Structure formats: C-alpha cells, structure tokens
Amino acid sequence: MIGSAWLLIGLFISWQAFDNAEGDMEAEEENQDLPKKGKAQGRKRASAPDGVVKPVKLSRADLYKPPTNEELNQLKETENLFHSSLLRLQIEELLKEVTLKEKKKQKIDAFLHEINALLSAVPETPETDLADQSWLPKDVKVPFLQVPFSVKGKFRFLPPAAVTVVGSYLLGTCIKPEINVDVALTMPRAILQDKDNLNQRYHRKRALYLAHIAQHLSKEKLFGSVRFTYMNSNHLKPILLLQPQGKDEKLVTVRLYACPAPGFFKPSRLYPSKNNVRTAWFLEQGSPGEGAAEPPTPHYNNSILCDTGLESNLLFLAGASAGFPGMRDGVALLKVWLHQRELDKGLGCLNGFVASMLVAYLVAKHKISQGMSGYQVLRSILQFLATTDLSAAGISLSKDADSSLPTLADFHQAFEVVLVDPSGLVNLCADMTASKYKQVQFEAKRSMEVLDDSTVDGFQLLLMTPKPLIRTFDHVFHLKHVSKLQGACKKMQLLNELMDRGGNYVAAALPFVTSLLARGLAERVLLLTHSLPQAPQWPISAEPPKHKDAGHLSFGLLLTPAFAASILERGPEADRPEAAEFRKFWGEKSELRRFQDGAICEAVVWGAETMCQKRLIPEQIVQHLLWLGGVPGWFNRICTYKGGGPAGTGEEAMVSIVRSYDDLSRKLWNLEGLPLTVTAVQGTHPALRYTDVFPPTPMKPDYSYHVRIKDKESLLPLPEKPCPAYIAPMKVVCHMEGSGQWPQDKEAIKRVKAAFHLCLAELLSQQHQLLCRPAATHADVYKDGYIFRLQVAYHREPHILKEVVTPEGMLKYRDTEEVTQVTSCIHQLQQQHPAFSGTSRLAKRWVRAQLLSDSLSDECVDLLAASLFLHPAPFTPPSSPQVGFLRFLHLLMAFDWKNSPLIVNLNADLKVADYTEIRNAFVAARPHLPVMFIATPRDKRSSVWTKERPSAQILQRLLVLALESLRALEEQLADPLGSQDGKMVFRPPLDFYDILIHLNAKQIPRHLEGVDRPAKSFSRGMLKSDALVTTLIFPVVGYDPVQCYLQELREAFGDLALFFYDSHGGEVIGVLWKPSSFEPQPFKASNMKGRMMASLSREELVTVPNVEAILEDFEILGEGLVRSVEARTEKWTI
C-alpha cells in the first residue's frame, strides 16, 4: 500500500518552501525600496550551508509578471474541478510517490541490457518431436499442463529473432510498489510449423522455449530469482520471471513473453467462430467422429492472437500518449484505483494494459483531449466506465472497415465482455466475466459520486482506502475446493468450454455459476461478484500448478435491504408456460400457493422465524443452488439471545420492548389529574433505539431467592443464594407543558420534579393498575415484566442547567448532553438501515469485551456506527452486521482522530457550509478539544459524548486492539480452510494488566452474557414473564454487585490505579498502576491512604504505595465476590 505518511511530508515540504519563498519576496521588495546608503550599511547574510535549499530570489519584474497560460489553466482547473487546492497537491504527491525515479530507471536499463546479451548466447538444440522432451534436464520442468500429453509437431530451440521491451515501462506508466518490465521474445519462423495453431502445439512450443531459456539463465549469477508464472493466471500462457541478485532483488521483475514471428499465423484461422482444438484429440479418442461439427474455440484462438499484437499495441499506446503527460498521470492514477479495489490481478482482471487501451480509445474518440491533466483523465475514464456496459455493447479500437474481420456481434456471441484491440482481431477482455465487469461499473459510478461530493476527502477514499472483498460485500461465501467444479462441468455438459479453456474447469464453470446465482438471488442482490483466480509463481524445478492450486474461489453479495430478508419468492402463475421452467430451476422447493390477490402461483418459501434466520436466507439460496457450505453468521453467536421463543439475536425482544413502551406512552399522554399535561414522551435507553447489546427480558422475581421487607413492599436478595438476574431500568423522559409556575432555581426545579414523580406513580397505579415505585429523581414502573424509569423534564431546564456561577461570581454556560435527540435520530436510522442495530451492538460488545466498558459511552459508539451508514464512502451502507462491524474496526483504526473531526450528519441537517465551519473551528481549537471529536448537527463545537472519555491513552489502546482484531478477523474470514472462530477477537488479552482480580461467577448477575458460554450456570431467582404469581412485588432493579465493587475501588484507589471490566458477565477485573503512583510523595498526614513511610535520606520522609495492603484491601472490599487476586509482579516494581 502507498504510504500516506510520505504524502503528508511532501505536502509539508511544499508549503514550507512556499512560505520561505513568499517571505523572501517581501524582503526583496523592502530592499529595493531602501536608499542605496541603507543597503551598504546592511551586513552580508551568511551563506546557507551545503545541502540546504536556498530560497529563490525574484526581481520585481519577475514577481509582477502576468501568469502564463499554463498557470491560468491550472488555477481554473483547481477552481472548477478540484474541491480544494489540497486535492491537487495530494494527487501530485501521490504521482511522485508511485512514479519510478530516474536513478532506478538507469539500474533497470542496465539489467535489461545484460539480459539481452545473455539471451543471444542461449545455445540451440537439435530438432525433436514435440512430445519428446528428454533433451530437457531433469531439474527443469515444462511450465505447461500437458493434458493430453501426446501431440504432433517438431521443436528445436533457436535464439530469439528479436528482443523487444513492451508494455508500461517504455510508456512511463508503470507504478510502484511492483515494477514489472515486459520483454517480448520473438521466436524464429524456423521453430514454427504450418498447423501450430491446432491442439495447443503453439502453446507447448512457447512453454518449451521458455523452459530452455530458464535452464540457462538460472546458472547466471546476475539473477537472484528465476521463476515461472502464468500471464494473468491464464494456464495456456506461462511466462518467465527474472529478478536481479542482492539488494536490488525487489527493484524490478522482468517478465519474458515468447511470441510468434510477425505474420506467421493467418488471422482468418483464429476468428472467434473457428475451431482449433479437435474434440477427438482432447478426449484422446482414436479418430474423430464422422460428420460431427467441431465447436468454436474463441478463448483459445484469442490467446494466440494476443501474442501477435504485443508490439502493435505498444505503438498504438505510444501514439496516443505522445506529448500528453496527462495521459501518463491518468493511467497511473487509474492503476492505483484498480489496485485498491483488487481488480488488477488474476484471470479476467482489468489490468494496467487494458486500462491504458481504454484511455487511448477515449483519446481517439476525442473524449479526452491533449490538454487534460491526470485528474481530468481519471474522471473521464471513470465516467466512461460508469456509463458504458461492455457486456451489452462492446467497443472496438480498430479503424479498419475490412468486412472480412469479425463483427462486434461475433465477439459478443463468443465472449461476455468485449473490448477489441486496434487490429480488430483480439478481445482484450476475453477472460473477464460479465459479473466482474458489473463490479467495475458499480465501483466507477460510486467513485464519481464521491468525486462530486465536496463534503468528503475524495482523494483519501478513492486512492488511499483499500476495498478487500471481505469488507466490501455484505455476504461472502467461498468454494473451498475448486476441484469440485470439475464434476460440475460434467453435470452442466461444458465440454466445449473445457476444450476452449485448455481444461481449466474453474474458468469454464465460473460464468455459469455466476449466472445461476444471479438468477436465483434476483432482486435480493444489488451486485454479485467473485474473486479473480490467481495462479502462484513457482520455481523452474517444480511441476506447474494445477487448476485447483489457484486456491479457493470467493463470491461477494451486495444485498438490497428491502428484499434480502424476504421469505417468499413469488413465481409465475401456474397455468403460464414459464411455470414449468420455474419448477425446474427451484426443484423440490417450488410449490403452488394462493396469494391475497386471488392468483395461484408457483412460489418458494424459505424457513426463517427470527430476524437472524431471515438475514441468512441468501445463504440458504446459495446452498440450495450450489450444495455447499457457506460462511456461518458469527454475529448470531456473539449476541445470542435466549427468550421464550426460538433463539435469536435480540431484535424480536427489542420490538417487544418498544411495543410495551409505546403502550406506556399512550397511558402517560392520557393520564387524568396531572397539574400539567404530558407534551412528549421520549425513551433514551439503548433498547428503545435498537442498540442494546442484550435487551432486557420480561421477568418476575422468584420470592424464594429474596427476603421480603413488608413495610416497604420490597425484596432483598438472599446472601446465600446466587445473585439475582440483572434487571435494567429503561429510562423514559416525560416532557411537561410550560407554565409560569415553574421555578427558575435548580434546587426548586428538582423538588417540583420529585412531586411530579410521586403524582405520576400514584395516577398510573390508580388508573392503569401498574406497579410503581416513586423516588425523588425518578419513578419506576413495572410493566409487562420490564422496568421503565420515568423522569420528568421541563423544557427550560437544559438552559438553566447550563448556567454555572464561577468562584469569581461570573455566569458561564456549559454543554449538556441531549440523549433524547440522539435517540430519535438513531431510531429513524434503524428504520432506514436494518443492519444498523446489529452493527452497533457488535461494536459495543467488542469494546466491552476488551474490558473498556467505561471508556466509551453508549451514545458515542452509536454515533460511530451511524457514521458508517450515513457516510459509507467508498463503500455502500452495510446490509449485514458482520461487514458493519469490520468497517467499525477499520474506522477506529484508520481515521485521523488527531487532525480531523468525525462529522455525523444525522437527518442530513448539515450543509456544505456547516462542514467547513466545523472543520475550521476544530483546527482553531484543537488543543482544547477531546482526543476523539464527533460533531453532529446539534453539537458542532464541543463533542459532548466524548468530552470526558476516552482519554488519549485509552484511545491509543483502542486503535491497537482494533488494528489487531481487524487483521485477525479478515485473515480468518478470507481463509475458509482455517478455523472459523469469530469470537476470537472478543476475548481480551490479559497480559497487558499489572493485577487481575478474579471474581466469583455465582455473584455475577450477567454471567450468561459472557462471550464464551460458561460451563456452569446458576439459577438467578427469576421466573418467566408468563409464570403465575399470586401477588406481585417490585423486583430488585439495577443491582450489579460488580459495578458497586468497581465504584468502591475507584473511589478508594482511583489516584493509584485504573480498573477495567467487561460489564457483560466478565469474570476478571484488570488493574493497571498509574505511571505516577510509584513516585515517592512528600509525607502528609492527610495523604496516607494506601501508602506507607519510606526514607530517602535522614532528613526527608516520603510515602510510597503499600502494595501488599492494597491487594489485601481489594480482597476485603470484595468479600464474597472476589475469588482471588493475581499480582503480576514481574511487570512492575516498587
């Protein structure tokens, strides 16, 4: 990946040089205005030391010289095309970064000259049968899969008739980090025979030619590596790779291509409609069947024709780019764009050569003009790709109107994607599938939207952000063993395609597999694509890799949220002719059903009760169509929820909570007897915005686990029993109407609200028979097995709370958190994007699993997750929780928290001017702002949700954990043959902590929420919500002994240590000593808590932490809860 650090350094140097030059221009002006006497008096400036860039001095005439046409064009382009001058600078720095330096070019040229000399000295061989390869030494294997082995023809080796450098190196469009130089070796005519176009004879001669060269070059000390690979992973086209010896090994890879003598093959024999692989030979039958028509072999023919046009295509590109530096820069940028999207390598890729030919086509069609810059060329080619479907209407670069040449219709009949070269004979996209080109189109459209959006950093998103398959697509599944496609080819009767592809069953079956899936998934997917099979490199002494050695094949599905989870697939009406085809396609899954409109249609119904099962319907469809094992939805195992019905992931539980809350809201609005009416009811608990990791479950207390306090009608947990299940109170804010009777004093407002809480509890109990418990700060309501915590709000209260009187008597205003506003916005977001809930919950579960429960607020994580859906570029909004979680980790790890605010445009309330205002205010006040700054429409300047936490150290810890978790998860998900344990990243590394406090599982109320289900569980003193209970008593609310213990620890030892815990059933509290805690402190009688006396000298008495006593206190404070305290003394010393 290209290093962004170099870009920043480059930009800094550019600006610094500009500032220096500007300062010296001013100095020059002042000197010119001074009298000569004054000049003579001035001391001579000391000359700058060697190696330091001296600022350029301009005369007055140069300084006020009018701008040149080029400068005017640049200024105009910056104004019209670039959203800022920074984008122009970024692109210029990127081009400097990826372009080959002159010094390295000289080294490469010298290496090429040496190779040329060695090639001319390779000895000849006597003529033998093509099948007789005994002349080749044992330590060199032919880089070709010779199946079937026997073939007619003769072979002898003669030195190349010509050695020509072709490709991007001569054009100046090859880019770092991988510098490849393509060299064409023209085989003399004497090697080739008249019918070499038949039955792989030419291809085998190519392979033998390269094998003999490889044998001789491998003896030379010039080369550090001599290896084979396949050209664009096409098994018919091996090439030889040469790398220099020593420290320059990574400098360049020279790729040797063997090609036929010009004009040797008759083009008419290699048209797409012609056959050049005989069925009888391919099947190793004795004689061909009489009268049997041979099928066309367009891909095979195209592979031969490709070799005939290497030099002519180079000349065509050279002509298009002559005197046009913008084309060179545009192609380099396009290559970076393709590389970041993994579109530039493998069988059927859109490589740099094809990209260059597309740009040359636009130049020829005058859609790109000579005066354009590299950025304009990039925009033009992306616009062309976004609007041109080469799978439906191909294009030709040929200007020849020869009627004997194949037409575009002939090419479309033979290939899925068509881009014909200038000769009119070669399809440059022959191996590309239609689904892969659709992905290119989709990416180009998305990129144009990003470039046109002035609120985002288009440069960073398009050219610096990688888009791996795992993080880009909502569902990814793998064909683990591609060898099974061999059997699929037989079932689908793809013999003709196998002959055409030289026996490559992966390439033969892939178009049929993608079309099958596209038909089955239909409206459920926005885009279906596949990974590109990539052949490895191999040493010249090894056998060439088989087709199965390309590794597994991955498929990506970009889901349509509206249809992806639909359980019904409605087909044609039963009496229509299409019904039989529908039944044939879906097989036993198809059945007749009557619909509400009265129609009787064929239909397929997928079994799914819960939301987590509905999310996996695309997986069911793929498995039904392909009979294979997909990647399991590990989200379902992280947030597994056990309720009364089928096991799910809590979505249904939250719907039930919201239903109960809506009913309570109606009851509150309709209460009679309140002094002031309720104007609005707003829930602020995460469950009411669908983002609670484990939503509360409806429960009734089991009285045998409690002791009753009769005078208070309350329960207390019995100490000898396990701690009761945690019952979370869900906060609900009741807004009362305004009145002149409301006081303006904070304390008075608190008392009025307390009276309202008493009144609300009494009226709900009387009018709706709800069990209530009022308190000064709230009123708890027990309804449907849930606890709702009502809090009265007065509309002027936030303004009054903002007022703070300083010690000097000044009235100041502070920011207050508006939870209700965030809750309503996020609730709306969940309605638009069903995957938001799962993404946010996975993110919270991960943060808390790292023992950082108290380091990020719920609202902060919700806003981070919301940004992935509101500002997904360069991706699309996630449609599955898994991919949303991967992007959350990437956002944490890759976002520049130090220099940029994260702007979350809730409800699209922010305009372009607001973005500029937020960024400018952020830069101006950066030293005084939180380390993680999140701006929203209601909170542009202060980031209230991150003001207190996380600290800089915790944020750094989060970034490290996110980086490692993302790397581990993506490696695991991309390797279907490895272990598939998504929970791995939810298990925290404990070696980071100085002390571990191990807890007694019996007293952890949320023990079952742990990442790994405990081997032993305890009954938690709760009955199911439908259990019959004669009298109801208010349950114990919000009781978590671990949180109480943590609070005591922080109050007692917060100045010495930090405490970390996973609030979802963690069994360990991690303790870290603060760096300053072991520093000796001057003796003070008031500062002896947890400290003991020590003497530095006879006069000076100091105190140091009494670690033994502190560890003992940890156990005493947590008696019954703490199982043991593990001190890792090897990590710290007193």
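**Reading aromatic contacts**

User: In this predicted model, which residue lies over the face of F595?

Analyst: R570 does, at 4.3 Å from the ring centre. A charge counts as over a ring if NZ of Lys or CZ of Arg is within 6 Å of the ring centre and within 35 degrees of the ring normal. R957 over the face of F992 is another case, at 3.8 Å. Since the model is predicted, local features need pLDDT of at least 70 and side-chain atom pairs pLDDT 80 or more, while totals for chains, interfaces and linings use all residues. Side-chain values use heavy atoms, without hydrogens and water, and residues are numbered from 1 along each chain as its sequence is written.

User: How do I read a pair of rings?

Analyst: You take the distance of the centres and the angle of the planes. Rings of Phe, Tyr and Trp (its six-membered ring) pair if their centres lie within 6.5 Å; planes under 30 degrees apart are stacked, over 60 edge-to-face, the rest tilted. That rule gives 26 aromatic pairs here. Take Y202 and F265: they're edge-to-face, 5.3 Å centre to centre with 85° between the planes.

User: Are Y202 and F265 buried or exposed?

Analyst: Both are buried (under 20% relative accessible area; exposed is over 50%, partly exposed in between, with a 1.4 Å probe and protein chains only).

User: Which residues form one aromatic cluster?

Analyst: F582, F585, W586 and W606.
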